[in-house]
Amino acid sequence: MGSIDHVPVMSDEIIDILSKIDRLDLLIDATLGLGGHALRICSTFPSVVILGVDQDEEALAIASKKLADFKDRVMLVKSNFKLIDDIVMSHLSGRLADAVLFDLGVSSMQVDDEERGFSFNKEGPLDMRMDKQGAISAYDLINKLTVDELTEIFYKYGEERYSHLLAKAIVRYRERHGQISSTTELVEIVRNALPARIQRHMGKHPARKIFQALRIVVNDEINALKQGLTKSVDCVRSGGVIIVLSYHSLEDRLVKHTFKQWESDGRGRLYSKKPILPKPEEVERNPRSRSAKLRAFIKS
């Protein structure tokens, strides 16, 4: 397994937002991960209780150890945040939270552990399931879908302009060589399909967007976000805040439009009109924060 070091993104900005609401006694960390944000929040706000939710058992185990000093103030639940209303009813008896936090990034543990198959830079199985009990893996998608189905996934969820070319190359490879089983095998197919001049102009890893697309579909991330976000506003008290950290345009657009709709419906107000971005020094310290955008909504 890879490193479990994890630096929470934009934690200063999150603490700043939380400091501005009138009280913080109960926070739902809907994407607990390795517990980096929860640790900082517990350390900063001495009376806060945190309900931490994550679908990754491995992450929950690590977070539990990290938060051991605050075990009396932290409840951990293995679940998906799309069920946030059920989680609140089951574990909080319907009590409304002062804040809900969504950090939508893949944790460094998941990326760095080659056995999870999230990274295009490491040899590993084509998996990408955040919940290891999930029914569908990236292997299933890559080896079972048609050219048209793969094209749609790569274009819709990866915003990959060469979606059809790459989908054809994958299916052609399958027909000639059999099933595709590893991340490096998939990366090699991508590299061989794209002319060198295109790869040079891409600037970033040529397989980055299709890995993103596969991960989103395997974990049903966009639908889960729609459901979790929609339900979260009813899990927060008047004057409470919903904070979302997103890392790609599909997520950010969904959050932006949801918050704007809530504002027009009179459910509250945007914390800031534009997304808050990480400071240059944070990006330098933690390159994974580069694409982060933070948005917050204050409920009426």
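Trainee: In which loop is Asp220 found?

Mentor: This is a predicted model, and in it Asp220 is found in the loop between H11 and helix H12, which covers residues 221–232.

Trainee: What is the phi of Asp220, and how should I read such a value?

Mentor: The general idea is that most residues other than glycine have a negative phi. Asp220 is not a glycine, and yet it has a positive phi of about 50°. Ser93, which is not a glycine either, has a positive phi of about 55°, and this serine lies in the loop between helix H4 (84–92) and strand S4 (97–103).

Trainee: Are Ser93 and Asp220 buried, partly exposed or exposed?

Mentor: Here a cut-off is needed, since exposed means over 50% relative accessible area and buried means under 20%, with partly exposed in between. Ser93 counts as exposed because its relative accessibility is 66%, whereas Asp220, with a relative accessible area of 31%, is partly exposed.

Trainee: Where is Val77 placed, and is it buried or exposed?

Mentor: Val77 has its place in strand S3, residues 74–78, and it counts as buried because its relative accessibility is 7%. To read its surroundings, we set aside the neighbours within four places in sequence, and we then find Val77 in contact with Leu51, Gly52, Val53, Asp54, Leu60, Ile87 and His91. Take Leu51 as an example: it is 26 residues from Val77 in sequence, while the two are 7.5 Å apart in space, C-alpha to C-alpha.

Trainee: Which side chain makes a polar contact with the side chain of Asp131?

Mentor: That partner is Lys78, whose side chain is 3.3 Å from that of Asp131. The side chain of Asp131 also reaches the backbone nitrogen of Gln133, at 2.9 Å. Asp131 lies in the loop between helix H5 (108–112) and helix H6 (138–144), and it is buried, with a relative accessible area of 18%.

Trainee: At what angle do helix H7 and helix H11 pack?

Mentor: Helix H7 (residues 147–158) and helix H11 (residues 208–218) pack at about 95°, and their axes are 8 Å apart. Angles of 65 to 115 degrees count as roughly perpendicular, and H7 and H11 are therefore described in that way. On the H7 side the contact is made by Ile153, Phe154, Tyr157 and Gly158, while the residues of H11 include Lys209, Ile210 and Gln212. Sorted by class, this contact of H7 with H11 has eight nonpolar, two polar and one charged residues.

Conventions. Residues are numbered from 1 along each chain as its sequence is written. This is a predicted model: local features need pLDDT of at least 70, side-chain atom pairs count only at pLDDT 80 or more; totals for chains, interfaces and linings use all residues. Side-chain values use heavy atoms; hydrogens and water are left out. Helices (H or I, at least four residues) and strands (E, at least two) are DSSP runs, numbered from the N terminus. Buried means under 20% relative accessible area, exposed over 50%, partly exposed in between (1.4 Å probe, protein chains only). Contact means heavy atoms within 4.5 Å. A polar contact is a pair of N or O atoms within 3.5 Å; within protein, one must be able to donate a hydrogen and the other to accept it, and residues adjacent in sequence count only if both atoms are side-chain atoms. Axes are lines fitted to C-alpha atoms, for helices over the stretch in contact, and angles run from 0 to 180 degrees between N-to-C directions. Angles under 35 degrees count as roughly parallel, over 145 as roughly antiparallel, 65 to 115 as roughly perpendicular and the rest as oblique. Ala, Val, Leu, Ile, Met, Phe, Trp, Tyr, Cys and Pro count as nonpolar, Asp, Glu, Lys and Arg as charged, and the others, Gly among them, as polar.
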